[in-house]
Amino acid sequence: MMVQYYVGDDIFVVCESEAHRDFVRRYQELTGASHTYIDSYAEARLAGLPSKALIMTDEPDKVAAMALEYFKHQGIDESRTAKVIPGSPPFFVEFLHPNVCKGNGLLKLCDMVGVTPEATIAMGDGDNDAEFLQFAGLGIAMLNARDRVKACADKVSLKTNCEDGVVFELEWLRDAGELSMPSK
């Protein structure tokens, strides 16, 4: 396991083994992110408090369950302290402030551009997409989404994200006459 420590857009990591470097490589391939390599997380702490932390692991469900059990054992109210979300693909666990989610980001964006959430479409496959799919007017889970995410969606795609499920759904919506752009 290793930790990615986020301060704003900066990701700090301490790589002590080849396995750690492999986690960083996999995350970079998935997201295109770049990392700042440090010798100690005390260096990251000097940059500020984290906006989130990721524990990189090949057992995210086990680590998430252990974290929630720890919170419970310590009498920590997880709903007020940290949101624990297994990642997709499954090689990390996110720890977020309880109010941080893509759904709240969607609501803020809608408010900024003057569009109602009902006029939006959201697509996703990971646990961190659940509120995003729920808050959108149309939430579509990719075929490879976890069951929890599929349960939050209005529709489940016939395609995975690796099979260009987003493109498939947008083309289907366009061809069905359901996809329109607001005029200004």
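Reader: In which sense do β7 and strand β8 (residues 138-141) pair, and over how many bridges?

Author: They pair in the parallel sense, over four bridges. Strands here are DSSP runs of E with at least two residues, helices are runs of H or I with at least four, and both are numbered from the N terminus. Two strands count as paired if DSSP finds at least two bridges between them. For one of these bridges, look at M123: its partner in β8 is I140.

Reader: What should I know about the model before going on?

Author: It's a predicted model, so local features need pLDDT of at least 70 and side-chain atom pairs count only at pLDDT 80 or more, while totals for chains, interfaces and linings use all residues. Residues are numbered from 1 along each chain as its sequence is written, and side-chain values use heavy atoms, leaving out hydrogens and water.

Reader: Okay, back to the strands. What is the order of the open sheet of three strands?

Author: The order is β7-β8-β9, with parallel pairing. β7 (121-124) and β9 (155-156) are the edge strands, as each pairs on one side only. Helix α8 (residues 165-175) packs on this sheet and touches β7, β8 and β9. The direction of α8 makes about 150 degrees with that of β7. Such angles run from 0 to 180 degrees between N-to-C directions, with axes fitted to C-alpha atoms, for helices over the stretch in contact.

Reader: Which residues of α8 are buried?

Author: First, the term: buried means under 20% relative accessible area, exposed means over 50%, and partly exposed is in between, using a 1.4 Å probe and protein chains only. In α8, the buried residues are G165, E169 and L173. They cover an arc of only 70 degrees around the axis, so they sit on the same side of α8. That arc is taken from the directions that run from the helix axis to the C-beta atoms. Those buried residues pack against β7, β8 and β9, where contact means heavy atoms within 4.5 Å. On the other side of α8, R174 and D175 are exposed. After the helix comes G177, with a positive phi near 75 degrees.

Reader: Why do residues three or four places apart point the same way in an α-helix?

Author: It's because an α-helix has 3.6 residues a turn.

Reader: How far apart are the end C-alpha atoms of α5?

Author: The general idea is that the expected span is 1.5 Å times one less than the number of residues. With twelve residues, α5 should span 16 Å, and its end C-alpha atoms are 16 Å apart, which agrees. Just after α5, G114 takes a positive phi of about 75 degrees.

Reader: What is the order of the open sheet of six strands?

Author: It goes β3-β2-β1-β4-β6-β5, and the pairing is mixed. β3 (36-37) and β5 (83-86) are its edge strands, each pairing on one side only. Inside the sheet, β1 and β4 (residues 52-56) run antiparallel, joined by five bridges, with Y6 opposite K52. β1 also pairs in the antiparallel sense with β2 (residues 10-13), over four bridges. Y5 has A53 as its bridge partner in β4 and F12 in β2. β1 and β2 form a hairpin with two residues between them, and G8 in the turn has a positive phi of about 60 degrees.

Reader: Is β1 largely enclosed or largely open, and why?

Author: Five of the six residues of β1 (residues 2-7) are buried, so the strand is largely enclosed by the rest of the structure. Helix α1 (residues 18-31) lies across β1, β2, β3, β4 and β6 (92-96), at about 50 degrees to β1.

Reader: How many residues does the largest nonpolar core have?

Author: A nonpolar core is a set of buried Ala, Val, Leu, Ile, Met, Phe, Trp, Tyr and Cys residues joined through side-chain atoms within 4.5 Å. The largest has twelve residues, among them M2, Y6, F23 and L54. β1, β2, α1 and β4 each give two or more residues to this core, and α1 gives the most, with three.
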